[in-house]
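Dear colleague,

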Amino acid sequence: MADVRAPGGVDADAEAGARAVWNAVAGEAGTEAQYEARVRGKKVVLGNANRRAPPPATPALARQQAKARRRAAVPRGTPRQRSKRARIYAQDTLTSAQIEPLRTLWTTYIQDMLRVRDMTRAEAEAQLSNAMWVQQVQNALLKADWTGALVQVVRSTQPTLVHVHGTVLAETHETLQVLPPTTQPMRPQCIPKHNTVFRIDIPLQDGTLTMDVHGNQVRYTLPARATRKHKAKKTVEL
């Protein structure tokens, strides 16, 4: 804090310092009248860089401060972070033949979960008239793991994503990593769940049964989705 006094005062150095700071901050826009009105003859706080920050006022703030310090201590781009990004975004190039075991595993998993291992396509189409059975299948799909499922985008607010189909390789809170059918190595495509309608192929004994699922209903991680109670809501055409 500097005490800027009139000419002839005991602290002329403070006045010179304050004028230098004023010229550096205000530049050409600062007039002499503004300096006389706001700075000269007043006590101006210039700062105290050596003063320590006050301690957190509450235990919750102390925990937040400690958490921020731990995060700042971890350098970006560590091997752990790189491996995490690789798992989430699946940057490796793959072919359809390489992920065939994953589709086979998901087929067995979903057939046992929905109890359709011995069901034919004709029997499944007959069951579609049973609203309770359809509701049970849709609720089960909302809670199931989609890794290995064959999905297709039927509606989306992004027109370029419509008709994109393939096998789900990875799932995050907001996206699906889908690999289209291909014989050439390629990277999976990232498809957002928000405002997207997916059509899932359910394998049967002699064919497949398709079910439409709104992506807004599965915008959760798998553990949260498996225990969540889903309610019927009105849908808006995309």
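In this predicted model, the side chains of glutamate 171 and arginine 225 meet in a salt bridge, with a distance of 2.3 Å from N to O. Glutamate 171 belongs to strand 4 (residues 165–171) and arginine 225 to helix 8 (residues 222–226), so the pair ties together parts that are 54 residues apart in sequence. Glutamate 171 is partly exposed, at 22% relative accessibility, whereas arginine 225 has a relative accessible area of 0% and is buried. These two residues also belong to a network of salt bridges, in which Glu171, Lys193 and Arg225 are linked.

A second pair to look up is aspartate 212 with arginine 199, which form a salt bridge whose closest N and O atoms are 2.8 Å apart. This pair links distant parts of the chain, since aspartate 212 lies in strand 8 (residues 208–214) and arginine 199 in strand 7 (residues 196–203), 13 residues apart. Aspartate 212 is partly exposed, with a relative accessible area of 30%, and arginine 199 is partly exposed as well, with 31%.

Then there is helix 6 (residues 121–127), where arginine 121 and glutamate 125 are four residues apart and therefore separated by about one helical turn. Their side chains meet in a salt bridge at 3.2 Å, N to O. Arginine 121 is partly exposed at 37% relative accessibility, and glutamate 125 is partly exposed with a relative accessible area of 42%.

Searching the whole structure gives seven salt bridges, including those described above.

Terms used: Residues are numbered from 1 along each chain as its sequence is written. This is a predicted model: local features need pLDDT of at least 70, side-chain atom pairs count only at pLDDT 80 or more; totals for chains, interfaces and linings use all residues. Side-chain values use heavy atoms; hydrogens and water are left out. A salt bridge is a side-chain nitrogen of Lys or Arg within 4 Å of a carboxyl oxygen of Asp or Glu. Helices (H or I, at least four residues) and strands (E, at least two) are DSSP runs, numbered from the N terminus. Buried means under 20% relative accessible area, exposed over 50%, partly exposed in between (1.4 Å probe, protein chains only).
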